[in-house]
Amino acid sequence: MKLADIFSLPVFLSVLLHALIVLAMILKFDFLKEEPEPYKPHFVTATLVDVKPKAKAAPQQPKEQVLDGKNNPELKQVKQQQEQQEQQAESKAVVQKQQEQKEKAVAEQKVRDENVKKEKAKKEADAKAKAEKQKKLEEEQKAQAEAEKKKKAEKQRREELKALEAQMQKEEQMLSSTVDDVSTKSYEELIAERVRQNWSRPPSARNGMTAVLEIRMLPTGQVMGVRVTKSSGDAAFDRAAEQAVKRVDRFEDVKNIPPDVFEKYFRQFLFTFRPEDLRQ
């Protein structure tokens, strides 16, 4: 059988028309679509009006539903359950409140304990600081007292040493003076003897006459100068005494005098001439 025998022309047109319709539906082709008109603006005239808000109406309180269980056992049971729940809630609230009060009391007690502990620690710290300060003060006072004591002892030791040195020096001076006196007197006697040996007695000389001469010498005993510093009252006597010293010229025994004794007593000294064997 041939295809042209199966699809006659009317059938073919019908199939083609359906195919076009299906294609148009797939492509969403709107045969009735109109072109949009251009937009024309509309102007509206408005006036500002102050409108105060109206008081809001109080919300309606829900009406308490009254359950009357006298004639309804189920409502009675519901009411009993509600009362039981309310009692349990109140008991729970009481227990919770007691627990909160207990916890609050524990917390307050803890705060008080902490405050007491801090106060105690502060007192202990203050007492410790005070004790340390007192100890330090006592140590400083003790050290100061020791220093003063040591300073006083050192001062006393120095004074004692100074007094001892002064005493020793005084004793040495006394001893030296004694020795010097002995030596000086010995040498003065020698000088007086040499002067008497070279003295020529003037006729006017009388017993008790005294002339003081100033004599200057070298360490060798060489006489460098002599003069009368205090007259006997008799010029011949004074002149005879001065001439006697000049005749000696050199006192040989003087060179044996220690240098310090010579410088102290014989470099320049006063010689008292007083012969004993004069006439009355």
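Are tryptophan 199 and phenylalanine 237 buried or exposed? Both are buried, where buried means under 20% relative accessible area, exposed over 50%, and partly exposed in between, with a 1.4 Å probe and protein chains only.

First, the conditions. This is a predicted model, in which local features need pLDDT of at least 70 and side-chain atom pairs count only at pLDDT 80 or more, while totals for chains, interfaces and linings use all residues. Residues are numbered from 1 along each chain as its sequence is written, and side-chain values use heavy atoms, with hydrogens and water left out.

Now the sheet. Helices (H or I, at least four residues) and strands (E, at least two) are DSSP runs, numbered from the N terminus. Three strands make an open sheet, ordered S2-S1-S3, with antiparallel pairing. The edges are S2 and S3, residues 268-273, and each has a single partner strand, so one side of each is left without a neighbour in the sheet. From one strand to the next, the twist averages 30°. Axes here are lines fitted to C-alpha atoms, for helices over the stretch in contact, and angles run from 0 to 180 degrees between N-to-C directions.

Two strands pair if DSSP finds at least two bridges between them. S1 pairs with S2, residues 223-230, in the antiparallel sense over six bridges. S1 and S3 also run antiparallel and are joined by six bridges.

Methionine 217 stands opposite valine 223 in S2. Valine 212 has threonine 272 in S3 as its bridge partner. The hairpin of S1 and S2 has five residues between the strands, and glycine 221 there takes a positive phi near 95°. Glutamate 252 sits in the loop between H4 and H5 and is partly exposed, with a relative accessible area of 36%.

S1 is mostly covered, with six of its seven residues buried. What is its relative accessibility? The value for glutamate 214 is 14%, so this residue counts as buried. Glutamate 214 stands opposite arginine 227 in S2, and its bridge partner in S3 is leucine 270. The side chains of glutamate 214 and glutamine 268 are joined by a polar contact of 3.2 Å. A polar contact is a pair of N or O atoms within 3.5 Å; within protein, one must be able to donate a hydrogen and the other to accept it, and residues adjacent in sequence count only if both atoms are side-chain atoms. Leaving aside neighbours within four places in sequence, the residues in contact with glutamate 214 (heavy atoms within 4.5 Å) include Gly225, Val226, Thr229 and Phe269.

Next, the helices. H4 lies across S1, S2 and S3, at about 160° to S2. H5, residues 259-266, lies across S1 and S3, at about 65° to S3.

That brings us to the core. A nonpolar core is a set of buried Ala, Val, Leu, Ile, Met, Phe, Trp, Tyr and Cys residues joined through side-chain atoms within 4.5 Å. The largest one has 28 residues, and those with the most contacts inside it include Ile191, Val195, Ile215 and Phe271. H3, S1, S2, H4, H5 and S3 are the elements that give two or more residues to this core. H4 supplies the largest share, six residues. Phenylalanine 271 touches, among others, Ile191, Ala192, Val195 and Ile215, not counting residues up to four places away in sequence.

Back to the rings. The structure holds six aromatic pairs. Rings of Phe, Tyr and Trp (its six-membered ring) pair if their centres lie within 6.5 Å; planes under 30 degrees apart count as stacked, over 60 as edge-to-face and the rest as tilted. Tryptophan 199 and phenylalanine 237 are edge-to-face, at 5.9 Å centre to centre and 70° between the planes. This pair links distant parts of the chain, 38 residues apart: tryptophan 199 is in the loop between H3 and S1, and phenylalanine 237 is in H4. Ring pairs join Trp199, Phe237, Phe271 and Phe273 into a cluster.
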